[in-house]
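Please look over the structure before going on.

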Amino acid sequence: MANLFEISTLKIGATAHIIFIHGLNGHHFDTWGGHITHRFFWPSWLAADIAALGVWTLSYDAAISRWRGSAMHLVDRATNVLERILLEPKLQKGPIILIGHSFGGLVIKQLLRTAESMSYQHIEAAGFLIRIRRVVFLATPHLGAAGATWTDRLRIFVKPSAATDCLVRNDRNLYDLNLWYRDWSARHSITHRIFMENQPIRIAGFVVKPDSGDPGLSQHPITIDANHFTICKPKDRSSEIYLHICGFVKPPFETQTGNTTENNSRVEHIISSLNQTILGQTEKTTDLVTDGILAGIRSEPSLYKKYPKNLVDSEIQKNLLLIRRARFFSEFSTNDHSIRLAEKIRSGEFHGGSDDV
């Protein structure tokens, strides 16, 4: 069962939220340094040090072996976690930062993929997706873990859980998920902090090796002097990992960059046209948009043959649908998204669409 625990319970008016997601055999409290006391429980430090930040930890069943409990398959767990987050009223507004340790990082990637597939029919999922701007991976096995491979070989004795089965090294599903996430996060300008362990643990060695700890994103991973289990347990506020993450999650929390007067003036007709089309109030685009598209066709006709028209049309329609459904969220900048879509249609990756679309 997935559950959320609000750490910043005494805080009023949080404008952004961070959700901590543990890994296999993890715990919503112990994984992050909590034990008998709150002395080393660093999510509470973030709640105290960043005034506008709401801090949450997620709990879910994540046993490595069926001898010790149960655990869902990664895809099922991600859907379960996403639905639980969408049920929380306090998490329906404001930017959201996700931080995952080990298997928790894979849960983050899969739940974002699930949210994207749901966003075209599920307005809450669409609203959640557009508010994700920052993600932290702590010792996440993006391409699987060696320990899971050995567990799979000894499955008669170990009885690996469904979650452990997902972590076999070089699993094709993990490889596919990582490729999807690279593309999706780049298209949506998600910023990251990626941390990798630098110390082995006794007997088992490195749980997540460097090639698996690096997801291949534009932000390079940072190696920390810690093993797989201590990397998520900074001892105090001067610890390297805490300083990195505290600086990363600090304000400003805006989901998108603010509009300027110059930008609003420059694309006033484009914004108006897109909104009119999306709402079904007109079947025509403004002369500015039409002239821009036709000018592009005349100047660079070869560009329009780069991708099949039906694929480009499909992507344009998806972007329009997202704007249409998300425009009611106060955190969603309709202007910014309309500007970017218009620029993609006029001279970017969507310029190969059909004239009608």
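**Reading a strand and a helix pair**

Q: Which residues of E2 point one way, and which the other way?
A: In a regular strand the side chains alternate between the two faces of the sheet. In this predicted model, Ala16, Ile18 and Phe20 lie on one side of E2, while His17, Ile19 and Ile21 point the other way.

Q: Is strand E2 covered or exposed?
A: Strand E2, residues 16-21, is mostly covered, with 6 of its 6 residues buried. The residues pointing either way from E2 are all buried.

Q: Which strand do 6 bridges join to E2?
A: That partner is strand E3, residues 53-59, and the two run parallel. Within this pairing, Ile21 is opposite Leu58 in E3.

Q: How many bridges pair E2 with strand E4?
A: There are 5 bridges between E2 and E4 (residues 96-101), again in the parallel sense. Here His17 faces Ile96 in E4.

Q: At what angle do the axes of helix H2 and helix H4 cross?
A: Two packed helices are described by the angle between their axes and the distance between the axes. For H2 (residues 74-87) and H4 (residues 123-130), the axes come within 10 Å and the crossing is roughly 90°. Angles of 65 to 115 degrees count as roughly perpendicular, so H2 is roughly perpendicular to H4.

Q: Which residues meet where H2 contacts H4?
A: From H2 come Leu82, Ile85 and Leu86, and from H4 come Glu124, Ala125 and Phe128. Sorted by class, this contact has 5 nonpolar residues, 1 charged and no polar ones.

Notes:
Residues are numbered from 1 along each chain as its sequence is written. This is a predicted model: local features need pLDDT of at least 70, side-chain atom pairs count only at pLDDT 80 or more; totals for chains, interfaces and linings use all residues. Side-chain values use heavy atoms; hydrogens and water are left out. Axes are lines fitted to C-alpha atoms, for helices over the stretch in contact, and angles run from 0 to 180 degrees between N-to-C directions. Helices (H or I, at least four residues) and strands (E, at least two) are DSSP runs, numbered from the N terminus. Angles under 35 degrees count as roughly parallel, over 145 as roughly antiparallel, 65 to 115 as roughly perpendicular and the rest as oblique. Contact means heavy atoms within 4.5 Å. Ala, Val, Leu, Ile, Met, Phe, Trp, Tyr, Cys and Pro count as nonpolar, Asp, Glu, Lys and Arg as charged, and the others, Gly among them, as polar. Buried means under 20% relative accessible area, exposed over 50%, partly exposed in between (1.4 Å probe, protein chains only). Two strands pair if DSSP finds at least two bridges between them.
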